Amino acid sequence: MQAQMEAHHYCSVLNEELIQCVIYDGNVKNARIMGVEYIVSERLFKSLPAQEKALWHSHVHEVKSGQLIAPGIPQAAEHELMKKLVGTYGKTFHTWHTDMHKELPTGVPQLMMGFTADGQAHADMVAQRDKRFGVDSAEKKKNREDIPAPAIAEGADSWQKGEAVQIADPTGTEPHGALRSR
């Protein structure tokens with residue numbers, strides 16, 4: 001939780017229950033690809049075996065907190081997108097830890113988990129992102145109060161129960177959280 005970074009998702013909807021995203025470390029010309037995220041519906045998540053579920057995180061807090069944003073689209077469209085995403089689950093692997101000033105994508109992919117409670121994301125990082133995009137996370141949180149927060153399906157967010165799954169990394173790279181935008 002100490003090493004956090006902003007993550008920009010560029011996604012395509014494969015069908016109503018599966019989205020795939022490429023994650024960049026910024027939204028500028030020289031941004032680097034840092035990973036991928038697969039997003040599934042609750043129905044698909046619940047169909048997974050328990051061992052697989054441990055690799056997935058919920059999106060309830062990211063949506064309800066206002067930390068997940070979709071810059072550049074009208075507020076009404078973003079709100080509808082968040083209503084769809086609030087009940088989904090993501091499996092995210094970072095392949096290049098650009099926040100650690102690595103020149104190349106060395107080491108093994110690291111499984112990433114989303115923030116699940118207020119106070120986990122570094123407030124200064126959120127404030128800087130909000131300023132750059134001209135958004136107010138607190139205002140977005142307020143605007144999303146009408147979006148029902150579904151119960152989180154059993155097996156998701158396993159890292160909170162001490163069940164963190166990682167590929168052994170001979171480079172010693174540690175997993176970290178990410179502030180995300182789509």
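Predicted model: local features only at pLDDT ≥ 70, side-chain atom pairs only at ≥ 80, totals over all residues.
Two strands count as paired here if DSSP finds at least two bridges between them.

Strand β1 covers residues 4-15, and strand β2 covers residues 18-24. The two run antiparallel and are joined by 7 bridges, forming a hairpin with 2 residues between the strands.

Setting aside neighbours within four places in sequence, Y10 is in contact with Q20, C21, V22, Y24, G26 and N27. Beyond its neighbours within four places in sequence, V13 is in contact with L18 and I19. V13 and V108 lie 27 Å apart, C-alpha to C-alpha, and 95 residues apart in sequence.

In soluble globular proteins, nonpolar side chains tend to be buried together. Here the largest nonpolar core has 11 residues: I19, C21, I39, V60, V63, L68, A70, M82, L85, V86 and I147. The elements that give two or more residues to this core are β2, α3 (60-64) and α4 (75-85). V86, one of the core residues, is in contact with H59, V60, V63, K64, I147, P148 and P150, leaving aside its neighbours within four places in sequence. Another core, of 9 residues, lies apart from this one and includes V40, L55, Y89 and A153.

Our last stop is helix α5, residues 123-133. Which of its residues are buried? They are M125, V126, R129 and D130. These residues cover an arc of only 130 degrees around the axis, so they fall on the same side of α5. The spacing makes sense, because an α-helix has 3.6 residues a turn and residues three or four places apart point the same way. On the other side of α5, A123, K131 and R132 are exposed. After the helix comes G134, whose phi is positive, near 65 degrees.

Conventions. Residues numbered from 1 in each chain as written. Heavy atoms only, no water. Helix = DSSP H or I, 4+ residues; strand = E, 2+ residues; numbered from the N terminus. Contact = heavy atoms within 4.5 Å. Buried < 20%, exposed > 50% of the residue type's maximum accessible area, 1.4 Å probe, protein only. Arc of directions from axis to C-beta. Core = buried A, V, L, I, M, F, W, Y, C linked by side-chain atoms within 4.5 Å.
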